[in-house]
Amino acid sequence: MNEPHSSLQPATLITHAGRPKGCKVTVNPVVARTSTVVFDSMATLREAVAGRARHETGLVYGRKGSPTGESLEAVICALEGGHRSRLFSSGLAAITCAILSVVRSGDHVLVVDSCYEPVRKFCVQYLQQMGVDCSFFQPDLSDLKAKIRPNTRLIWTESPGSILFEMCDLPALVALAKAHDNVVVAVDNTWGSGLMYCPLRLGADISVIAATKYLVGHSDVMLGAVTTHQDRWTALADMGDLLGHCVSPDDAYLALRGVRTLSVRMRQQQDTALQVAQWLQKQALISTVFYPALPDDPGHAIWKRDFSGANGLLSCEFRTDVSAQAVDAFVETLQLFGIGHSWGGYESLALPVSPAAVRSLSHWQGRGNVVRLHVGLEDPADLIHDLQTALARLGEGLAG
Ligand SMILES: *Cc1c(COP(=O)(O)O)cnc(C)c1O
């Protein structure tokens, strides 16, 4: 398999990593569908099983990975700058396995208040019940130092946060964590997807990407990936094996096809999103636009320092006299933005979201209703025209 030099730029890495190597090979790896792998002797079978126990790559049994999956893992690992990557059947499966590879009963976990909501649910509804204490900290880290306990084992963060895209100063977080023995730092890197942000290079121990979003990029596959440095790899890989996590080679292939164009898609979606965000900022019915690439966004300085770009995801807060019902009607008036979960595909989406419902520390009282927009690969002028039409309709409703 091709393993390009890690000094190459991300766009070059995603073009060359994980490809078959040799003379007269196909450009892309084959889709190796299998459960059973057969061997020519007991000696080669035992060799393969022993190699797998030493965490070497290579076919043993379908659940334990496929060559197609290994190609994709190589691409993600090259982007993230880690030791190894492991695929999971969804972003959430990757997250829960990453957490379980670190914590034991009696430990304490600190989770950023702006985390992806199902992560909060997993910690509160499952970890607590299993004897792992869990508390939340502010995305601006103002209370983090005071909340670290002697038994704190894991700090889970996401930068930027879900829904409102608060930037987290990861190098500062790592410095606080590493002042203590034994605190592991894990980051949900779905927003930057390894192309725009590399937490492992900023001192994190574990990075997780919901590949469902930008890596796959076409809204047709569920997939997650965890990448770690060498010292966390065995625990992660063993936990994945213990829980029986695996990914179909067909899904891995689709993701591999998607990731080859990640850099052009994301750059285009960033360009369009910035135009849309700046246009939205000028609209009377919108009070705040949340998008770290905007110069007046509170997280802009950290974004500029730690990220190489943005993506197509932004949120906007409506004036407080715009009701939730009116916001629903606004979203339903849009013609080019689909109503649905997820993001990172080639198509535009709109979804009313509620910061108050998914945060425990931040106060949203007295603020307006929020819509999250995902900007796809459509022409920016068409998207802005669509938004303008729906906003005009909303304004007429308010006046009448
Ligand atoms: C969507 C998402 C996930 C979960 O990914 P799935 O593949 O849907 O399970 C995790 N983290 C973030 C930030 C996400 O947006």
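Visitor: Where in the chain is Phe-165 found?

Guide: Phe-165 is found in the loop between β4 and α7, where helices (H or I, at least four residues) and strands (E, at least two) are DSSP runs, numbered from the N terminus. The model is predicted, so to speak of a local feature requires pLDDT of at least 70 and side-chain atom pairs count only at pLDDT 80 or more, whereas totals for chains, interfaces and linings use all residues. Residues are numbered from 1 along each chain as its sequence is written, and side-chain values use heavy atoms, with hydrogens and water left out.

Visitor: Is Phe-165 buried or exposed?

Guide: Buried means under 20% relative accessible area, exposed over 50%, and partly exposed in between (1.4 Å probe, protein chains only). Phe-165 has a relative accessible area of 2% and therefore counts as buried, and its phi is near 55°, a positive value in a residue other than glycine. The loop between β4 and α7 also holds Pro-160, and the peptide bond that leads from Ser-159 to Pro-160 is cis, with omega near -10°.

Visitor: Which phi value does Asn-182 have?

Guide: Asn-182 is not a glycine, yet its phi is positive, at about 75°. Asn-182 lies in the loop between α7 and β5, and because its relative accessibility is 55%, Asn-182 counts as exposed.

Visitor: Which residues of helix α7 are buried, and where do they fall around the axis of the helix?

Guide: In α7 (residues 170-178), the buried residues are Leu-170, Leu-173, Val-174 and Ala-177. Seen down the axis of α7, these buried residues fall within an arc of 100°, so they line one face of the helix; the arc is that of the directions from the helix axis to the C-beta atoms. Their packing partners are β3, α6 (144-147), β4 and β5 (184-188), with contact meaning heavy atoms within 4.5 Å.

Visitor: What arc do the buried residues of α5 span?

Guide: Helix α5 (residues 117-127) has Val-119, Arg-120, Phe-122, Cys-123 and Leu-127 as buried residues. Viewed down the axis of α5, they fall within an arc of 160°, so they line one face of the helix. Against these residues pack α4 (91-100), β2 (108-112), β3 (133-137), β4 (152-158) and α13 (355-358).

Visitor: Which residues does Leu-394 touch?

Guide: Leu-394 is found in helix α14 (residues 380-399) and, because its relative accessibility is 8%, counts as buried. Not counting residues up to four places away in sequence, Leu-394 touches Leu-285, Phe-318, Val-322, Ala-326 and Phe-330. Leu-394 and Val-322 stand 72 residues apart in sequence, yet 8.5 Å apart in space, C-alpha to C-alpha.

Visitor: How is the protein chain divided into domains?

Guide: The chain is divided into domain 1 (10-259) and domain 2 (262-399), with bounds that come from an automatic or database domain assignment. The centres of domain 1 and domain 2, taken over C-alpha atoms, are separated by 28 Å. Their contact takes 41 residues from domain 1 and 39 residues from domain 2.

Visitor: What volume does the largest pocket have, and which residues lie nearest its centre?

Guide: On a 1 Å grid over the protein atoms alone, a cavity is a set of points where a 1.4 Å probe fits but cannot get out, and a pocket is an open set with protein on both sides within 12 Å along at least five of seven lines; lining residues have an atom within 4 Å of a point. Points are joined across faces, edges and corners, and a volume is the space filled by probe spheres set on them. The largest pocket holds about 620 Å³ of space, and of its 32 lining residues, Tyr-116, Pro-118, Lys-213, Trp-343 and Arg-372 lie nearest the centre.

Visitor: Why does the second largest pocket lie between the domains?

Guide: Domain 1 and domain 2 both give residues to the lining of the second largest pocket, so it lies between them. This pocket has a volume of about 430 Å³ and is lined by 21 residues, of which Pro-139, Asp-140, Glu-166, Met-167 and Pro-298 lie nearest its centre.
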